[in-house]
Amino acid sequence: MASRRKPSNLSAREEAWWEDGLRPHWRYDGVSNAKVWSGPDLPAPSCNEPDVWNGAVVVGIHAEAARQYAEGCRLDAVDDVKGAYTCFHAAAIAGYLPAVNRVGVAHQLGRGVAVDLTEAVAWYRLASSRGHAKSKFNLANVYEQQGELGVAVALYQSAADQGHAKATARLALSYYRGGVGVERDHERAHRLLMKARDLGCSTAATALDTLHFDAVQPPPPTDALVGAGPSRPSFTPHTTKSWTGAGVV
């Protein structure tokens, strides 16, 4: 079964895989349980003999695409943006969703290709339509920047439902501010920020400490539930500093 809650002991490489929408599975290899990774668009590892490359599980036609994607990530890390785009595009054409998202990012930010927001949105929509949470988050960012808050909130909600921490935090911020398409709801915003924090979003933790929340009812403390000691609030808002959350991923 794939893990939806972000584990706390991921390596740097596993952190990158998690951010790209891959999720760990446990599989018995005949000797012991082994942790393997696959994307939501791929069959579960138990359904196929996986082609294991560099620790990431890929299946069938996605094997070569995953290699191209990983090479694109390597080239991007050393600022060879044109080479990275070539690799991402090849993997995207093969239908590898993390690569489809990265092609969208490249067009949005002008990394290895000319800035073209229309093209970026097209790639984000393609991956989003197939359930890629990070693409939903990036597409929501675009709509929010264009003032289409109702569409953005729906996409943030969809990505948040898949356990995307940053989308959960941005959804919280939408409810914190309110606006066209969404009513201001500080209690819901606070609840979502706590969820995003628990999913590993550091900006959500910062927001909980810096934003002022109106009329939020804290959950009962543990000691109150067992009948020991007085009730106490779970947070103390103390400033009204602004918080914008995270950008393109």
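**A cavity and a helix pair**

Visitor: Which helix gives the largest share of the lining of the largest cavity?
Guide: This is a predicted model: local features need pLDDT of at least 70, side-chain atom pairs count only at pLDDT 80 or more, and totals for chains, interfaces and linings use all residues. Residues are numbered from 1 along each chain as its sequence is written, and side-chain values use heavy atoms, leaving out hydrogens and water. Helices are DSSP runs (H or I, at least four residues), numbered from the N terminus. The largest share, 4 residues, comes from α3.

Visitor: How much space lies in the largest cavity?
Guide: A cavity is a set of points on a 1 Å grid over the protein atoms alone where a 1.4 Å probe fits but cannot get out; lining residues have an atom within 4 Å of a point. Points join across faces, edges and corners, and volume is the space filled by probe spheres set on them. The search finds 1 cavity of 30 Å³ or more. The space in the largest is about 60 Å³.

Visitor: Which residues line the largest cavity?
Guide: α3 (81-93) and α4 (97-109) each supply at least two. The lining is Asp76, Val81, Ala84, Tyr85, Phe88, Arg102, Val105, Ala106 and Arg111.

Visitor: Are α6 and α8 roughly parallel or roughly antiparallel?
Guide: α6 (133-145) and α8 (165-177) pack at about 30°, axes 10 Å apart. Axes are lines fitted to C-alpha atoms over the stretch in contact, with angles from 0 to 180 degrees between N-to-C directions. Under 35 degrees counts as roughly parallel, over 145 as roughly antiparallel, 65 to 115 as roughly perpendicular and the rest as oblique. Therefore α6 and α8 are roughly parallel.

Note on methods:
On a 1 Å grid over the protein atoms alone, a cavity is a set of points where a 1.4 Å probe fits but cannot get out, and a pocket is an open set with protein on both sides within 12 Å along at least five of seven lines; lining residues have an atom within 4 Å of a point.
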